[in-house]
Each structure stands twice: as C-alpha cells, then as structure tokens.
Amino acid sequence: MREKQRPNEFILHAILSLNASETRMQDDQYQQGLATRRAVMGDAFVERALAGASDFTQPIQDHISRNAWGDVWQREGLDRKTRSLVTVAMLTALGKQHELRGHVRGALNNGASVQEIQEVLLHAAVYCGVPTAVDAFRTAAEVVDAPNA
C-alpha cells in the first residue's frame, strides 16, 4: 500500500512537476526560437553569436533565442519580412549599427528587397535625423553591396 504524502511533500512534488513542465516548454520555445533565428539571420551569424558567448554573456544569448526569436518572432500578427523591416527601422533609430548589419541580412533573407530597405532608411532620415540615417545607410551598404548579397 502506498504511503500517504504529507502536505509539504505534496506541495514540493507539485512545484517540481511544474518546474519540469516549464523547463520542457522553455526548451521547446528555445529550440523553435533558435531555428527561426538561424532561418532569419543565417547559420554563420548565429554560430558566431553562440560561439562568442562566455559564461557571463550566455544568459543573454539564451534570452534572445527563447524570448525574441521563440516568442515575439513566432507571433502571427506580422509576417517575417515586415518584422525585419520594422526591426531595421528601430535599430536605425537606436543607432545600433552592429545589430543593424545582421538584421539587414535578415531582412534580405526574409524577402525584403534592397529598395524596401533603402526606403526604410530614407524614411528614418525624416524621423530619426539625417546623421543617424547616413550611418544606417553605410552599415546597410556593407551587406547590400557585398559580393554575395
């Protein structure tokens, strides 16, 4: 006959079961996010990001894959091309050239045309300022004008 669990043991068992279920869900979300991240940004970009992670920076890489790519990029409200163009606009506004470079490549991978990227950057000149847009054009040109663009 099975011994009756005491209330504290029951609560501990319930918490551990929830944590295990949440971990599995997060692992699935992480894996789905990693697959989307690779599809958009390219395997080489993601491999460099992951290989360059230290014990200190690994948590942010996990967070990016799980929450940005595994959650927000999975939503149905915007297609990937639109998400990419919005991301290019936001990174331009923030002046985040390193991230912009990767996301220009991602926008191209997601079907955005060079002309659409130009238009987003030109539009940013009006709302973010010409110097910011000039920097973004320079960064985007590194991707667009590359031999295998």
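Colleague: At what angle do helix 4 and helix 6 pack?
Modeller: About 35°, with the axes of helix 4 and helix 6 10 Å apart. Bear in mind that this is a predicted model.

Colleague: Left-handed or right-handed crossing for helix 4 past helix 6?
Modeller: Right-handed.

Colleague: Which residues meet there, between helix 4 and helix 6?
Modeller: Helix 4 brings Lys 81, Leu 85, Val 88, Ala 89, Thr 92 and Ala 93. From helix 6 come Glu 116, Ile 117, Val 120, Leu 121, Ala 124 and Cys 128.

Colleague: Take Thr 92. Buried or exposed?
Modeller: Thr 92 counts as buried, because its relative accessibility is 0%. Thr 92 belongs to helix 4, which covers residues 80–94.

Colleague: What is Thr 92 in contact with, leaving aside neighbours within four places in sequence?
Modeller: Leu 100, Leu 121, Ala 124, Thr 132 and Ala 136.

Colleague: And Leu 121, on those terms?
Modeller: Beyond four places in sequence, Leu 121 contacts Val 88, Thr 92, Ala 133, Ala 136, Phe 137 and Ala 140.

Colleague: On to the largest nonpolar core. Which residues touch the most other members?
Modeller: Val 88, Leu 100, Val 104, Ile 117 and Leu 121, out of 14 residues in that core. Two or more residues come from each of helix 4, helix 5 (97–109), helix 6 (114–128) and helix 7 (130–144).

Colleague: Which of them gives the largest share of this core?
Modeller: Helix 5, with four residues. There is also a second, separate core of nine residues. Val 40, Met 41, Leu 50 and Trp 69 are among its members.

Colleague: Why would nonpolar residues gather like that?
Modeller: As a general point, nonpolar side chains in soluble globular proteins tend to be buried together.

Colleague: Tell me about Trp 69. Where does it lie?
Modeller: In helix 3. Trp 69 is buried, because its relative accessible area is 4% and the cut-off is under 20%.

Colleague: What does Trp 69 contact, leaving aside neighbours within four places in sequence?
Modeller: Gly 33, Thr 36, Arg 37, Val 40, Met 41, Ile 64, Gln 74 and His 103. Thr 36 is 33 residues from Trp 69 along the chain, yet their C-alpha atoms are separated by 6.2 Å.

Colleague: How many aromatic pairs in the whole structure?
Modeller: One. Trp 69 and Trp 73 form that pair, and they are stacked. The rings sit 4.5 Å centre to centre, with 25° between the planes.

Colleague: And is Trp 73 buried or exposed?
Modeller: Trp 73 is buried, as is Trp 69.

Colleague: Staying in helix 3, what about Ser 65?
Modeller: Helix 3 spans residues 58–69, and Ser 65 is found there. With 0% relative accessibility, Ser 65 counts as buried.

Colleague: Which side chain does the Ser 65 side chain join in a polar contact?
Modeller: That of Arg 37, at 2.9 Å. Leaving aside neighbours within four places in sequence, Ser 65 is also in contact with Gln 29, Tyr 30, Gly 33, Leu 34 and Gly 70, among others.

Colleague: Now a loop. Where does Asn 110 lie?
Modeller: Between helix 5 and helix 6. Asn 110 counts as buried, because its relative accessibility is 15%, against a cut-off of under 20%.

Colleague: What does Asn 110 touch, not counting residues up to four places away in sequence?
Modeller: Val 40, Trp 73, Arg 80, Lys 81 and Ser 84. Asn 110 and Lys 81 are 4.9 Å apart in space, C-alpha to C-alpha, and 29 residues apart in sequence.

Colleague: Pro 131 next. Buried or exposed?
Modeller: Exposed, with a relative accessible area of 61%. Pro 131 is found in helix 7. Its C-alpha is 9.8 Å from that of Gly 95, which is 36 residues away along the chain.

Colleague: Zooming out, how many helices and strands does the protein have?
Modeller: Seven helices and zero strands.

Colleague: How much of the protein is buried?
Modeller: Buried residues are 32% of the 149.

Colleague: Last one. Of the contacts between residues at least 6 apart in sequence, what share joins residues at least 24 apart?
Modeller: 64%.

Note on methods: Residues numbered from 1 in each chain as written. Predicted model: local features only at pLDDT ≥ 70, side-chain atom pairs only at ≥ 80, totals over all residues. Heavy atoms only, no water. Buried < 20%, exposed > 50% of the residue type's maximum accessible area, 1.4 Å probe, protein only. Polar contact = N/O pair within 3.5 Å; in protein donor to acceptor, adjacent residues only side chain to side chain. Contact = heavy atoms within 4.5 Å. Core = buried A, V, L, I, M, F, W, Y, C linked by side-chain atoms within 4.5 Å. Phe/Tyr/Trp six-rings, centres within 6.5 Å; stacked < 30°, edge-to-face > 60°. Axes fitted to C-alpha atoms, helices over the stretch in contact; angles between N-to-C directions. Left-handed = near helix turned anticlockwise from the far one by under 90°.
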